[in-house]
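Here are a few exercises to work through with the model open in your viewer. Try each one yourself before you read the solution.

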Amino acid sequence: MAALRVDLGELAPAPDVFLGHCAALHLTFIEQLTTAMANASRVADKDALARVVGIVLDRYRVLSAELERLHLDKTDVMQPHLAGVEEFKRRTEGGEWFEQVASAHVTIGFLTDFWVRLSGGLSGELGQRVAEALVAGDAQAPLHRILERAIAANPRLSSRLALWSRRLVGDTMLQARSALVLHADSSRDEAQIEPVFTELIAEHTRRMDRLGLTA
């Protein structure tokens with residue numbers, strides 16, 4: 001993953017809100033991936049998706065452990081975010097199986113980049129532990145290989161998946177922005193947000209380019 005250089009720390013929520021939102025989002029990632037795994041027709045694809053589920057589950061476990069370390073009740077801190085992340089999942093889950101895999105590739109990649117950047121606003125070792133957990137394991141490579149193989153087998157998928165992936169970006173950006181704590185000075189906030197999202201979109205574009213898709 002390319003290093004992101006612009007700081008979002010001043011817009012990060014309190015640790016309980018950060019961990020609750022990020023953990024709830026990871027639960028929806030697991031649901032999304034599990035659905036795609038169940039719908040896969042090839043054992044190799046089921047196996048690859050199972051490995052991604054394992055990576056995301058490990059990240060969720062670390063977030064849960066941090067909640068326990070802070071003596072926070074998981075239900076109390078995650079429940080307020082469930083409706084929002086479930087709506088996000090509904091809007092981005094895709095209908096056909098290839099769309100489901102592309103959705104996971106786009107949303108998990110983009111939002112992992114975002115939450116790693118946002119973790120810079122957490123104090124001390126907490127921020128470091130969270131950032132390390134969120135980049136542990138390579139969740140993107142198996143998804144990339146599934147889509148790469150599918151496009152090679154059926155080049156007509158390329159334009160369809162490119163269009164679908166472009167549609168995902170707007171909802172994914174809105175989900176990211178919903179985690180930010182904005183201030184009265186909107187111009188100051190936007191001055192911090194705009195360059196970060198420019199870099200996030202650039203990294204998303206690189207992921208799409210590696211698949212031969214137009215972002």
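**Exercise 1.** Is Ser158 buried or exposed? Work out its place in the fold and its contacts too.

*Solution.* Keep in mind that this is a predicted model. Start with the location: Ser158 sits in helix α7, which covers residues 157-177. Next comes accessibility. The cut-off for buried is under 20% relative accessible area. Ser158 has 19% relative accessibility, so it counts as buried. Last, look at the neighbours: leaving out residues up to four places away in sequence, Ser158 touches Ile151, Gly212 and Leu213.

**Exercise 2.** Find the salt-bridge partner of Arg149 and say which helices the pair links.

*Solution.* Remember the general idea: side chains of opposite charge can pair when their charged atoms come close. Searching the whole structure turns up 18 salt bridges. In one of them, Arg149 pairs with Asp45, and the closest N and O atoms are 3.3 Å apart. Now place the two ends. Arg149 belongs to helix α6 (residues 140-153) and Asp45 to helix α2 (residues 43-69), so the pair links distant parts of the chain, 104 residues apart. Then check the accessibility of each partner. Arg149 has a relative accessible area of 32%, so it is partly exposed. Asp45 comes out at 3%, so that end is buried.

**Exercise 3.** Trace the salt bridges of Glu203, then name the network that Glu203 belongs to.

*Solution.* Take Arg207 to begin with. Its salt bridge with Glu203 has the closest N and O atoms 3.8 Å apart. How accessible are the two? Arg207 is at 5% relative accessibility and therefore counts as buried; Glu203, with a relative accessible area of 4%, is buried as well.

Move on to Arg210. The side chains of Glu203 and Arg210 also meet in a salt bridge, at 3.9 Å from N to O. With a relative accessible area of 48%, Arg210 is partly exposed. Now widen the view: Asp113, Glu203, Arg206, Arg207 and Arg210 are linked in a network of salt bridges.

**Exercise 4.** Classify the ring geometry of Phe18 with Trp115, and do likewise for Phe114 with Phe197.

*Solution.* The whole structure holds five aromatic pairs. For Phe18 and Trp115, the ring centres are 4.9 Å apart and the planes stand at 85°, so the pair is edge-to-face. Phe18 is in helix α1 (residues 15-39) and Trp115 in helix α4 (residues 97-118), so the pair ties together parts 97 residues apart in sequence. Phe18 and Trp115 are both buried.

Turn to Phe114 and Phe197. Their ring centres are 6.1 Å apart with planes at 45°, so this pair is tilted. Since Phe114 lies in helix α4 and Phe197 in helix α8, the pair ties together parts 83 residues apart in sequence. Phe114 is buried, as is Phe197.

Conventions
Residues are numbered from 1 along each chain as its sequence is written. This is a predicted model: local features need pLDDT of at least 70, side-chain atom pairs count only at pLDDT 80 or more; totals for chains, interfaces and linings use all residues. Side-chain values use heavy atoms; hydrogens and water are left out. Helices (H or I, at least four residues) and strands (E, at least two) are DSSP runs, numbered from the N terminus. Buried means under 20% relative accessible area, exposed over 50%, partly exposed in between (1.4 Å probe, protein chains only). Contact means heavy atoms within 4.5 Å. A salt bridge is a side-chain nitrogen of Lys or Arg within 4 Å of a carboxyl oxygen of Asp or Glu. Rings of Phe, Tyr and Trp (its six-membered ring) pair if their centres lie within 6.5 Å; planes under 30 degrees apart count as stacked, over 60 as edge-to-face and the rest as tilted.
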